[in-house]
Amino acid sequence: MKQYIITVDGGTTNTRCILWDENRRRIAQENRPVGVRNTAIDGNNRKLKQAVKECLDALVEKNGLGYGDIHRIIASGMITSDVGIVVVPHLTAPAGLEELAAATVAIELPEICPVPIYFIPGIKNSDGPFSFENIEAMDIMRGEEVESIAVMEQFKSGRPLLLVLPGSHNKFVSVDAEGKMTGCLTSISGELLASITNDTIIAKSVGKQFVEEETYDREWLLKGYDNAKRTGLGRTCFTARILQLFYEDAPPKIANFVLGAALQGDVTAVLHSDALKVSPDTTVVVGGKNPLRQAIVDILEHEGYFARIETYVPEEGISLSALGAYLIAEKNGIL
C-alpha cells in the first residue's frame, strides 16, 4: 500500500497544502487565501483552522484516499506562531537540520483531521536579554528556516553561506561551515516597493507596474541603487519622478530605478547589521524568482563585497518549504 505525505505551509495571507507520495513526487496541491493575518484581524484562529481542514480534506477526497493512507502531515511557517494554530517556541541560533528535527512536535487536532500534525519550529537569533543597544541584532523566522534547509541540501560546500530568500519580506540567513543557521535578517523592502509603486506620487512615473522579466534593465537598476546609496530612499524615489518628467519618460526604466533604490537598504543592512555573521569569504546563494533574483545578484556583484555569488533555482513544481519539511521529517525519523 502506498503511503502519502502532506506538507502544510502556513503563511501570512495564504495556506498551501501539498500531497506527496513516498518517493517525494508531488501529487496534488490545495490553497486557501487565509493566513495568520486573518487571526490577527479576527482575534481568533477559526478561519485558519477551517482553511487547513478544507485543504487536507480536499487532498484526501479528490485523490480517492482516506486518512488511513496518510502516513504523516508536516506543518511549518507562521502556522506555529502565536497567531497560527499552535505555538511552537522558536529554537535559538545556531541551529540546523538536527536541531529542527529534534524540536519537531506532534499534536492531535481532531477538529482539523484525525491524524497527528507534526509542527516544525522557527528560529530566533538570540535569547536576550535585550536593550535598545543590542535589539538590532535580534530577528526571527518561521518558514524560512525550512526553505533554508532545502537550499542548504544543494550547497554542502563546507563554507559559510548567506542565503537570500526574496519576497514581500526579504529574508537573509547566515549559515556557518557546519551547516548551522547562525542568524537571520528581515527587511520589508518588498512591501515598501509595493507601496511606492501603487500608493505614492511615483505610481504615475512607473505606470503602477513592477519590473517584469522582459522589462528588467540592469543599467537602470544600478542607477537607482547608486543614487539611493548616495542620497537615500526617499530622495531617490522623488528623483524617479524628476527623471520621468525631464529626462526619460519610460516607466519600465523608472521602475527598474525604483527597484534598485528599494533594494539598496537591504545591502546596507546585510553588510552592517549585527543580526548576521558574514565576511567577503561567505558564499551568497540567491533564491526566488526572476527578475528579483537577478536584480539581487547584479546589485551584490556591483557592490563587490562578496567574492562568490550563486543562484538557486528549484526543480519545476518543487516547493522549497515542502522539500525542507521533508528533509527535517526524514532526519527526525518520522518518515
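1. Thr-283 stands opposite Arg-308 in β14, and this pair belongs to the parallel pairing of strand β13 (residues 283-286) with β14, which extends over four bridges. Strands are DSSP E runs of at least two residues and helices are H or I runs of at least four, numbered from the N terminus; two strands pair if DSSP finds at least two bridges between them.

2. The model is a predicted one, in which local features need pLDDT of at least 70 and side-chain atom pairs count only at pLDDT 80 or more, whereas totals for chains, interfaces and linings use all residues. Residues are numbered from 1 along each chain as its sequence is written, and side-chain values use heavy atoms, with hydrogens and water left out.

3. β13 and β14 lie in an open sheet of five strands with mixed pairing, ordered β12-β11-β10-β13-β14. Because β12 (181-187) and β14 (308-311) stand at the edges with a single partner strand each, one side of each is left without a neighbour in the sheet. From one strand to the next the twist averages 20°, where axes are lines fitted to C-alpha atoms, for helices over the stretch in contact, and angles run from 0 to 180 degrees between N-to-C directions.

4. Helix α4 (residues 144-154) packs on this sheet, touching β10 (161-165), β11 (170-175), β12 and β13, and its direction makes about 125° with that of β10; contact means heavy atoms within 4.5 Å. Helix α9 (residues 251-272) lies across β10, β11 and β12 and runs at about 20° to β11.

5. Strand β1 (residues 4-10) is largely enclosed by the rest of the structure, because seven of its seven residues are buried, that is, under 20% relative accessible area with a 1.4 Å probe and protein chains only, against over 50% for exposed and in between for partly exposed. Tyr-4, Ile-6, Val-8 and Gly-10 point one way from β1, and Ile-5, Thr-7 and Asp-9 the other way. In a regular strand the side chains alternate between the two faces of the sheet.

6. Which strands pair with β1, and in what sense? Strand β4 (residues 70-77) runs parallel to β1 and is joined to it by seven bridges, with Arg-72 as the bridge partner of Ile-5. Strand β2 (residues 15-20) pairs with β1 in the antiparallel sense over six bridges, with Ile-6 opposite Leu-19, and the two strands form a hairpin with four residues between them.
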